[in-house]
Amino acid sequence: MRIFISTGEVSGDLQGSLLITALKHQAAAMGLELEIVALGGDKMAHKGASLIGNTTSIGSIGILESLPFVLPTLKIQRQAIAFLQEYPPDLVVFIDYAGPNMAIGKYIRRHMPSCPTVYYIAPQVWVTSITERDTEQIINISNKILAIFPEEARYFQKKGADVTWVGHPLVDRMQTFPNREAARAKLGIDDNVTCVALLPASRIQEIKFIVPVMFEAAREIQSKIPNVHFWIPLSMERYRQQIEKEIINYQLKATVISTQQQEVLAAADLAITKSGTVNLELGLLNIPQVVLYRLNPFTFWVAKNILKIKFSYASPANLLVMREIVPEFIQERATPENIVQAAMELLLNQQRQQQMQADYQQMQQFVGEVGVCDRAAKEILKLVNS
């Protein structure tokens, strides 16, 4: 059985790799042999996918930010469609990656209408979308939607989609994380050191817009807490040189690391992080966090004033419970002063720490039980046998 999986960016590659492992496990139990071809990244290739194109480094958020990636994205879309024409799949799985997946999905609907399609981790139109058409397009290209958020499942169900809530795949990934003591020992962190994880970037634009405000806040925290040390796990090795340059500019006591992200997160007393999947990982680890995000000011202005885009929250941790359980600062509110104030409170105020721990306990009720990826794989393989 040939399965085509289409995803992009660093987070999609991670989710795709987790799904591939589960698909192979479930297929073996059913006596099926799988061939998996994909748009994705190195993590998926490592799990056995044959990559048509690597999409981890061509993602962006925003209008101006996306321009450099238009031609590379179109090229990869053409490669994928050419492959599908020559080697028709038995099943297609989309993971996030909205624009390219919409184009590929429409092609499959027109030219391979009998090929079953699944959208797993759909674009977050249930949080914010420009038009109702966004939701309609996702439903039109999907025989099945596998939701990772309860609110997402309710949204698509109301719109008439065939949707199943499977839970969030990070629940499965958390089983491989070390505990705090083991993580600190492996990284060589002394007991008297305050360990703060900085997680600024998985896209090149985030180096420009997020790193300066995050590192300025870190410098101020360093002046207040002399025994602090910052750990920066890289999402991509290509960012190392720029980040190390900024560490020198801001005179931070910091260690950049390419591997051992799990250890860094588990060892942290606090994380200062961009909004994204890692917010949930931190929540599941019970690590206090401060979340921020900045876009190109022009992009944000257009989104707010022309497109009239509104959203309740940016962080997945807050989206799960639909209230602010972790402080998040978006665009003009993402200032060093705001970040430092929230960070110091979480580091020094025990009552604030306990409140966040209690909020995390509530959040964890909405992520589902262990076995998310296996449940998703079973639902996907059902479509071939139905």
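Phe-215 is buried, with a relative accessible area of 0%, where buried means under 20% relative accessible area, exposed means over 50%, and partly exposed lies in between, with a 1.4 Å probe and protein chains only. This is a predicted model, in which local features need pLDDT of at least 70 and side-chain atom pairs count only at pLDDT 80 or more, while totals for chains, interfaces and linings use all residues. Residues are numbered from 1 along each chain as its sequence is written, and side-chain values use heavy atoms, with hydrogens and water left out.

The rings of Phe, Tyr and Trp (its six-membered ring) are taken as a pair if their centres lie within 6.5 Å, and the pair is called stacked when the planes are under 30 degrees apart, edge-to-face when they are over 60, and tilted for the rest. By this rule there are 5 aromatic pairs. One of them joins Phe-215 and Tyr-250 in an edge-to-face arrangement, at 6.1 Å centre to centre and with 90 degrees between the planes. Because Phe-215 belongs to helix H11 and Tyr-250 to helix H12 (residues 240-250), this pair ties together parts that are 35 residues apart in sequence; helices (H or I, at least four residues) and strands (E, at least two) are DSSP runs, numbered from the N terminus. Tyr-250 also counts as buried, at 14% relative accessibility. Among the aromatic pairs there is also that of Phe-83 and Tyr-87, whose ring centres are 5.0 Å apart and whose planes meet at 40 degrees, so this pair is tilted. Here Tyr-87 is partly exposed, its relative accessible area being 37%.

In soluble globular proteins, nonpolar side chains tend to be buried together. A nonpolar core is, in the sense used here, a set of buried Ala, Val, Leu, Ile, Met, Phe, Trp, Tyr and Cys residues joined through side-chain atoms within 4.5 Å. The largest such core has 120 residues, and the members that touch the most others are Ile-5, Leu-23, Tyr-120, Phe-156, Leu-198, Phe-215 and Ile-272. Helix H1 (residues 9-30) gives the most to this core, contributing 8 residues. Around Ile-5, with residues up to four places away in sequence not counted, the residues touched are Ile-20, Leu-23, Ile-36, Val-37, Ala-38, Leu-39, Met-44, Val-93 and Ile-95, contact meaning heavy atoms within 4.5 Å. A second, separate core of 19 residues includes Cys-195, Ala-197, Ala-267 and Ala-268.

Side chains of opposite charge can pair when their charged atoms come close. The structure holds 16 salt bridges, each being a side-chain nitrogen of Lys or Arg within 4 Å of a carboxyl oxygen of Asp or Glu. One of them joins Asp-269 and Arg-180, with the closest N and O atoms 3.0 Å apart. This pair links distant parts of the chain, 89 residues apart, since Asp-269 is in the loop between helix H13 (261-267) and strand E11 (270-274), and Arg-180 is in helix H9 (residues 180-187). Asp-269 is partly exposed at 22% relative accessible area, and Arg-180 is likewise partly exposed at 32%.

Other salt bridges lie within a helix. Arg-133 and Glu-136 meet at 3.5 Å, N to O, and both belong to helix H6 (residues 132-140), where they are 3 residues apart, about one turn of the helix. In helix H11 (residues 211-224), Glu-220 and Lys-224 are 4 residues apart and so separated by about one helical turn, and their side chains form a salt bridge at 3.6 Å, N to O. Glu-220 is partly exposed at 35% relative accessible area, as is Lys-224 at 44%. Lys-144, Asp-162, Glu-379 and Lys-382 are linked in a network of salt bridges.

Some loop residues complete the picture. Tyr-97, in the loop between strand E4 (91-95) and helix H5 (98-111), has a phi near 50 degrees, a positive value in a residue other than glycine, and is buried at 9% relative accessible area. Met-322, which is not a glycine either, has a positive phi of about 55 degrees and is found in the loop between helix H16 (316-321) and strand E13 (328-330); at 35% relative accessibility, Met-322 counts as partly exposed.
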